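Notes below, in the order I looked.

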Amino acid sequence: MLAPPPETATPTPAGTAGATACPLCGATGHAVVGSCPTAEVFEALGRTLGAALSPAAVAENTHASAVTLRRCLGCDLEYFVPLRAGTERFYAEIGACPAYYVAGRWEFDFVCAASGPTDSILDVGAGSGHFLERCRAHGRKARGLDPSPVAVGSARARGLDVAAGDVASFAAANPDAFDVVTAFHVVEHIERPVEFVAALARLCRPGGRVIVALPNRLSAHRPRGFIEGPLDCPPHHVSRWTAANLARLGQAAGLGCERVEAEHGPVIAREALKLATRRFLGERLGLGDGTARAVSGLLGRVLVPRALHPVYRATGILERLGGVGLSMAAVYRKPG
Ligand SMILES: [Zn+2]
């Protein structure tokens with residue numbers, strides 16, 4: 001692995017051949033966060049998934065010898081260049097790994113709590129339908145949409161209502177059709193997120209809600225290094241988001257942003273503090289792992305007791321210090 005180079009502001013002259021603009025705000029000025037040979041990302045992916053991708057999948061998802069992570073100077077979004085999403089073959093291969101689709105997510109219950117039994121819900125990028133199953137258990141009316149025939153087949157085999165197709169065509173055929181439109185962990189995989197959320201907005205009735213969830217790049221629970229989590233790199237993820245980025249995304253797609261909420265809880269906050277303390281003691285002060293663990297465990301119990309958690313929440317300090325879980329969700333409202 002390459003160590004990330006020191007961050008350097010590299011404003012890119014407008015009109016430079018091959019310049020990639022920020023997919024959120026369109027600015028080209030950026031700082032380089034880090035870079036890694038593409039082949040190393042695929043090797044790390046193979047180790048993570050427990051199975052190597054086929055040579056064909058590697059070949060068609062290799063667009064340069066290295067992938068580079070940039071931070072936009074206009075809006076602070078982090079995005080990769082080359083900015084190229086994974087192909088159908090790539091997703092078919094990683095989707096075949098049993099652990100790939102997550103059965104339980106915080107945001108599934110978040111949406112169920114934020115919707116009523118009469119709301120019609122559409123989940124875009126439904127995968128094999130884990131959220132739809134959760135909706136069924138909560139007495140919610142939900143349909144799904146997914147481009148992958150394999151995922152759709154798997155969902156339908158379990159009695160779930162999932163259409164196969166792309167969001168733009170489905171939105172053109174079903175304008176203003178749903179009370180709530182959701183997309184879980186889709187935005188960070190695609191090249192044109194504003195266009196995607198605008199399609200979600202078309203599917204939503206005026207006055208209805210669009211709820212988008214994705215990983216919070218400021219969470220202390222994320223892998224530290226730029227390349228430690230190969231699923232957080234292309235061809236899997238092509239961008240990394242903060243709550244402010246997510247608020248801006250809805251506005252760019254013509255929606256009002258009501259709120260962005262991060263996964264939280266006393267255990268999550270305490271574990272985040274312990275993690276941050278352990279890294280500091282180990283890396284900065286050179287303490288042995290055993291001592292660092294003991295000190296961080298003690299600090300976690302003293303500083304983040306369950307009883308104080310609501311106070312920390314109310315001040316917003318947990319979000320700022322990364323004491324939140326990996327996921328966050330934005331609730332957008334379509335103008336009535
Ligand atoms: Zn930007």
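My entries start with the ground rules and then go from domains to backbone details.

**Ground rules.** The model is predicted, so I kept to its cut-offs: local features need pLDDT of at least 70, side-chain atom pairs count only at pLDDT 80 or more, and totals for chains, interfaces and linings use all residues. Residue numbers run from 1 along each chain as its sequence is written.

**Domains.** I looked up the domain assignment, and the protein chain gets domain 1 (8-95) and domain 2 (106-215 + 236-259). Such bounds come from an automatic or database domain assignment. I have the C-alpha centres of domain 1 and domain 2 at 24 Å apart. For the interface, 15 residues of domain 1 are in contact with 20 residues of domain 2 (contact: C-beta atoms, placed from the backbone, within 7 Å). On the domain 1 side, strand S4 (78-81) and helix H3 (88-95) each supply at least two of the touching residues. That side has ten nonpolar, two polar and three charged residues. The classes are Ala, Val, Leu, Ile, Met, Phe, Trp, Tyr, Cys and Pro as nonpolar, Asp, Glu, Lys and Arg as charged, and the others, Gly among them, as polar. Helices (H or I, at least four residues) and strands (E, at least two) are DSSP runs, numbered from the N terminus.

**The sheet.** Next I traced the strand order: an open sheet of seven strands, S7-S6-S5-S8-S9-S12-S11, with mixed pairing. Two strands pair if DSSP finds at least two bridges between them. S7 and strand S11 (256-262) are at the edges with a single partner strand each, so one side of each has no neighbour in the sheet. I get an average twist of 20° from one strand to the next. Angles run from 0 to 180 degrees between N-to-C directions, and axes are lines fitted to C-alpha atoms, for helices over the stretch in contact.

**Parallel pairs.** Strand S5 (residues 120-124) pairs in the parallel sense with strand S6 (residues 141-146) over five bridges, and Ser120 has Lys141 as its bridge partner in S6. From S5 the chain goes through helix H5 (residues 130-137) to S6 in a right-handed β-α-β crossover. Right-handed here means that, with the strands pointing away from the viewer, the path from the first strand over the helix to the second runs clockwise. S6 is also parallel to strand S7 (residues 162-164), over three bridges, with Asp146 opposite Ala164. The crossover from S6 to S7 runs through helix H6 (residues 149-157) and is right-handed too.

**Helix pair.** I then checked helix H10 (residues 266-284) against helix H11 (residues 289-303): they pack at about 145°, axes 8 Å apart. Among the contact residues are Arg270 and Leu273 of H10, and Asp289 and Ala292 of H11. By class, the contact of H10 with H11 has six nonpolar, five polar and five charged residues.

Which bonds are cis? I found one joining Val81 and Pro82, omega about -5°, and one joining Pro234 and Pro235, omega about 5°. Pro82 sits in the loop between S4 and H3; Pro235 is in the loop between S9 and strand S10 (239-240). I also noted Asp76, with a positive phi near 80° though it is not glycine. Asp76 lies in the loop between strand S3 (66-72) and S4.

Terms used: Contact = placed C-beta atoms within 7 Å.
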